[in-house]
Amino acid sequence: MNQIYAFLAEGFEEVECLAVVDLLRRANLEVTLISITGEKPVTGAHHITVLADALFEEIDPQKADLLFLPGGVPGTPNLAAHKGLTEALKTHAQNGKRLAAICAAPSILGTLHLLNGKKATCYPGWEDKLIGASYQPDGIITDGNITTAKGLGFAIDLGLELITLMVDQKTSDTIKSSIQYPI
């Protein structure tokens, strides 16, 4: 079974994270919400508190098949400031494992030079942080092992894209239909 870690920092964008996690779990993928704060309750950018499944210190990020970064401010800068997470992202990329980020969070991948030579997207105003990438205005971009999404309005699309990549197109289409998402 594919293991996915979704990382939570104070100020994360709640819907960007939870919409993607919800869809991945509907596809029977094993998704673990990981707090980088040292505590399991993590409060998002809109004052919604989510209880993480585990603390960063309790997991081995390299056991995951996908590391997912939700956006939000100050969530994105908080994720970027966590040395253990940034080292895990670099190792994951070096090993050719899958990474996904939405909204402002692709900037983390850019500043770590993980987007070199890749196409990527992000929330408007963060393009200069996509260091080494060819910015694309699309809502979702998958280039090799990295998937980026523009923002909250594309959270469902990101979840469906990740299901396609990690399971198959049929499962993604079935879930898309079951949630009444326009075809």
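## Terms and overall form

Helices here are DSSP runs of H or I with at least four residues, strands are DSSP runs of E with at least two, and both are numbered from the N terminus. With these terms, the place of P74 can be given as the loop between strand 6 and helix 2 (75-80). The structure is a predicted model, and its protein chain comes to six helices and 11 strands.

The C-alpha atoms of the protein chain fill a box of roughly 40 × 35 × 30 Å along the principal axes. A compact globule of 183 residues would have a radius of gyration near 16 Å, and because the protein chain has 15 Å, its value agrees with that expectation.

Strands of a sheet pair through backbone hydrogen bonds, and they may do so in a parallel or an antiparallel way.

Strand 11 (residues 146-149) is joined to strand 7 (residues 98-102) by four bridges, and these two strands run parallel. Strand 10 is also joined to strand 11 by four bridges, but here the two strands run antiparallel. Strand 10 and strand 11 form a hairpin with two residues between them, and in its turn G144 has a positive phi of about 65 degrees.

A93 belongs to helix 3, which covers residues 83-94. When its neighbours within four places in sequence are left aside, A93 is in contact with L99, L114 and N145. A93 and I146 are 53 residues apart along the chain, yet their C-alpha atoms are separated by 8.4 Å.

## Helix 5 and helix 6

Two packed helices are described by the angle between their axes and by the distance between those axes. For helix 5 (residues 155-166) and helix 6, the angle is about 150 degrees and the axes are 7 Å apart. Angles over 145 degrees count as roughly antiparallel, and helix 5 and helix 6 are therefore roughly antiparallel to each other. Helix 5 contributes L160, I163 and T164 to the contact, while helix 6 contributes Q169, T171, S172, I175 and K176. Sorted by class, this contact of helix 5 with helix 6 has three nonpolar, four polar and one charged residues.

The N-terminal end of helix 6 (residues 169-178) is capped by D168, which has a side-chain oxygen 3.3 Å from the backbone nitrogen of K170. After helix 6 comes Q180, whose phi is positive, near 65 degrees.

Most residues other than glycine have a negative phi, and most peptide bonds are trans. N28 is found in the loop between helix 1 (14-26) and strand 2 (30-35), and although N28 is not a glycine, its phi is positive, about 65 degrees. The peptide bond from V73 to P74 is cis, with omega near 15 degrees, and P74 is the residue already placed in the loop between strand 6 and helix 2.

Conventions. Residues are numbered from 1 along each chain as its sequence is written. This is a predicted model: local features need pLDDT of at least 70, side-chain atom pairs count only at pLDDT 80 or more; totals for chains, interfaces and linings use all residues. Side-chain values use heavy atoms; hydrogens and water are left out. Contact means heavy atoms within 4.5 Å. Two strands pair if DSSP finds at least two bridges between them. A polar contact is a pair of N or O atoms within 3.5 Å; within protein, one must be able to donate a hydrogen and the other to accept it, and residues adjacent in sequence count only if both atoms are side-chain atoms. Axes are lines fitted to C-alpha atoms, for helices over the stretch in contact, and angles run from 0 to 180 degrees between N-to-C directions. Angles under 35 degrees count as roughly parallel, over 145 as roughly antiparallel, 65 to 115 as roughly perpendicular and the rest as oblique. Ala, Val, Leu, Ile, Met, Phe, Trp, Tyr, Cys and Pro count as nonpolar, Asp, Glu, Lys and Arg as charged, and the others, Gly among them, as polar. The radius of gyration is taken over C-alpha atoms; the globule rule is 2.2 Å times the number of residues to the power 0.38.
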